[in-house]
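Hi there,

Here is the structure I promised to pass on.

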Amino acid sequence: MEVRVRYAPSPTGLQHIGGVRTALFNYFFARSSGGRFILRVEDTDRERYSDESLDDLYQTLDWLGIKWDEGPVVGGPCGPYIQSERFELYRKYAEQLVRDGKAYYCYCSPERLEKLRAEQVASKSEYQGYDRHCADLTDEERAEYERQGIKPVIRLKVPTEGKTTFHDILMGDITRRNRDVSPDPILLKSDGFPTYHLANVIDDHLMGITHIMRAQEWIPSGPLHILLYEAFGWEPPVYCHLPMVMGKDGQKLSKRHGSTSLRDFREKGYLPEAIINYVTLVGWSLDGSTEFFSKEELEKCFRIENIHKAPGVFDYKKLDWFNGYYIRACENSRLEELVLPYLVKAGFIGENPSEDELELVRKLVPAAKERMKVLSDIVPLSAFIFVDEPVVDAAVYCAKGSDADNTLSALEKGSEILLSGLKEGREYGKIEEDLSSLAAGLGVKVNGVFQPLRVAITNSTVSLPLFDSISLLGLEETEKRINRAIGILEAKNE
């Protein structure tokens with residue numbers, strides 16, 4: 001049996017990291033099994049639908065390098081793959097269920113349903129939900145409703161006795177009493193729009209889906225979907241409900257934890273290979289120890305049985321660590337192209353960079369990549385080159401354990417060693433040794449000498465390596481900034 005899986009998002013919002021993981025799991029399972037990965041757009045919620053969300057879906061998968069075998073744009077034998085283009089199919093199959101006695105037309109008005117709901121709540125009735133008022137209408141009663149111009153919905157006739165069970169690869173058998181399943185849910189609305197449950201089951205069957213891999217939040221829908229498969233006389237697919245994606249506080253991942261849309265991660269400067277690698281590990285592992293996987297490796301080694309049953313924790317710091325790893329492994333030429341938009345947006349270089357600006361970027365990248373966690377880090381790391389805002393707070397120059405007098409002395413004597421050494425062309429390692437010896441002589445830690453120099457040159461306590469900063473800034477500008485800093489400290493010490 002050929003494995004056929006699908007990613008079927010609703011374009012009602014930006015791609016969430018949980019949805020991205022679902023797409024990756026389905027994609028890698030298809031590739032590792034020699035199967036087919038199908039993209040289906042479930043756009044029947046027209047009130048919340050947006051073109052922006054649909055574009056974001058396509059852009060997200062394209063950015064990740066996830067190619068679908070069948071679906072919108074690429075086509076396939078089971079199309080159309082956009083639900084709003086399949087309405088006639090849904091009506092046909094819903095009416096088939098009515099003819100088979102498995103569903104019925106319901107003419108109840110919204111007012112009647114609201115009154116029924118209020119009465120059930122007020123009486124604290126054990127039975128909450130639709131009362132099957134239209135389940136056994138006579139032909140004459142139906143005809144009267146039709147004469148009044150009332151357009152009916154189609155409801156599934158859910159058995160009131162017995163239980164429904166479905167098997168999940170991770171969770172085992174899941175059983176629910178039929179009386180606890182949504183009471184006679186609507187399958188087709190009066191305007192011809194299908195509900196999620198009807199369209200989902202029909203599409204999965206007609207598209208030959210063999211395995212449904214979706215979030216555990218959909219488990220409550222499982223029994224209803226099985227009842228639909230049984231009503232149609234179809235064989236249900238294999239279910240695998242994926243573990244939830246949680247924050248470190250044990251709650252479902254949401255905006256209160258941080259960014260959740262992939263667009264936010266892209267804009268901040270995460271690499272696709274880092275997102276793919278880390279997100280796939282949120283709820284899956286190969287052997288419990290291997291952490292780094294390329295997309296190509298995951299396409300070969302991913303196994304559905306290695307998905308965890310327990311929720312996966314999304315750790316933003318761990319993602320930063322992965323991204324830093326991939327940035328350091330990135331070719332400098334590629335990294336130059338990736339950081340360029342951030343430098344342009346910051347106004348550091350023009351939209352059409354000159355050759356001098358491009359050469360500066362070529363020098364900047366190897367100096368910055370070791371200290372970058374995300375691509376946008378290039379802006380604060382390089383700001384001192386493009387914007388000169390001297391630090392006037394003397395306390396910033398002081399390293400921990402040092403004082404104002406020692407800091408001024410360290411800056412004056414340290415700058416003599418540094419500048420004379422650079423002008424004489426001495427090796428960086430030797431200059432560092434001399435600066436370290438100066439610290440010992442002054443009775444301060446090494447940072448007591450290096451911090452005031454760093455702040456003087458880069459206007460920040462966090463910066464690129466000292467000699468890289470000087471190389472990018474130029475010796476003349478470096479000397480000017482150091483002398484300015486000495487003047488600031490002298491004024492403060494008076």
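Below is what I found in it, going element by element. Please keep in mind that this is a predicted model.

**Helix α1 and its end**

Let's begin with α1, which covers residues 17-32 and so has 16 residues by the count for this helix. From the first C-alpha to the last, α1 reaches 22 Å, close to the 22 Å expected at 1.5 Å a residue. Is this helix enclosed or open? Of its 16 residues, 14 are buried, so α1 is largely enclosed by the rest of the structure.

Ser32 belongs to α1. Arg303 sits 271 residues from Ser32 along the chain, yet their C-alpha atoms are separated by 7.3 Å. Just after α1 you will find Gly34, which takes a positive phi of about 70°.

**Two helix pairs**

Next come two pairs of packed helices. Such a pair is described by the angle between the two axes and the distance between them.

Take α16 (residues 404-423) and α17 (residues 428-442): their axes come within 10 Å and cross at roughly 160°. An angle over 145 degrees counts as roughly antiparallel, and α16 and α17 are therefore roughly antiparallel to each other. Their crossing is right-handed. On the α16 side, the contact is made by Asn406, Ser409, Ala410, Lys413, Gly414, Ile417, Leu418, Gly421 and Leu422. On the α17 side, it is made by Tyr428, Ile431, Asp434, Leu435, Leu438 and Leu442. By class, the residues of this contact divide into 9 nonpolar, 4 polar and 2 charged.

Then there are α18 (residues 447-458) and α19 (residues 466-473), whose axes come within 11 Å and cross at roughly 25°. That angle is under 35 degrees, so α18 and α19 are roughly parallel to each other. The crossing of α18 and α19 is left-handed. Where they meet, α18 supplies Phe450, Arg454, Ile457 and Thr458, while α19 supplies Leu466, Ser469, Ile470 and Leu473. This contact has 5 nonpolar, 2 polar and 1 charged residues.

**Backbone spots to look at**

A few places in the loops deserve a look too. Which residues does a cis peptide bond join? The two are Gly79 and Pro80, with omega at about -5°. Pro80 is in the loop between α2 (51-64) and α3 (87-99).

Arg132 has a positive phi of about 65° although it is not a glycine. You can find Arg132 in the loop between α4 (110-122) and α5 (139-147). At 26% relative accessibility, Arg132 counts as partly exposed.

Asp184, another residue other than glycine, also has a positive phi, near 45°. Asp184 is placed in the loop between β6 (172-177) and β7 (186-188). Is Asp184 buried or exposed? Asp184 is buried, with a relative accessible area of 2%.

Happy to go through any of this with you on screen.

Best wishes

Methods:
Residues are numbered from 1 along each chain as its sequence is written. This is a predicted model: local features need pLDDT of at least 70, side-chain atom pairs count only at pLDDT 80 or more; totals for chains, interfaces and linings use all residues. Side-chain values use heavy atoms; hydrogens and water are left out. Helices (H or I, at least four residues) and strands (E, at least two) are DSSP runs, numbered from the N terminus. The expected span of a helix is 1.5 Å times one less than its number of residues. Buried means under 20% relative accessible area, exposed over 50%, partly exposed in between (1.4 Å probe, protein chains only). Axes are lines fitted to C-alpha atoms, for helices over the stretch in contact, and angles run from 0 to 180 degrees between N-to-C directions. Angles under 35 degrees count as roughly parallel, over 145 as roughly antiparallel, 65 to 115 as roughly perpendicular and the rest as oblique. A crossing is left-handed if the near helix is turned anticlockwise from the far one by less than a right angle, and right-handed if clockwise. Contact means heavy atoms within 4.5 Å. Ala, Val, Leu, Ile, Met, Phe, Trp, Tyr, Cys and Pro count as nonpolar, Asp, Glu, Lys and Arg as charged, and the others, Gly among them, as polar.
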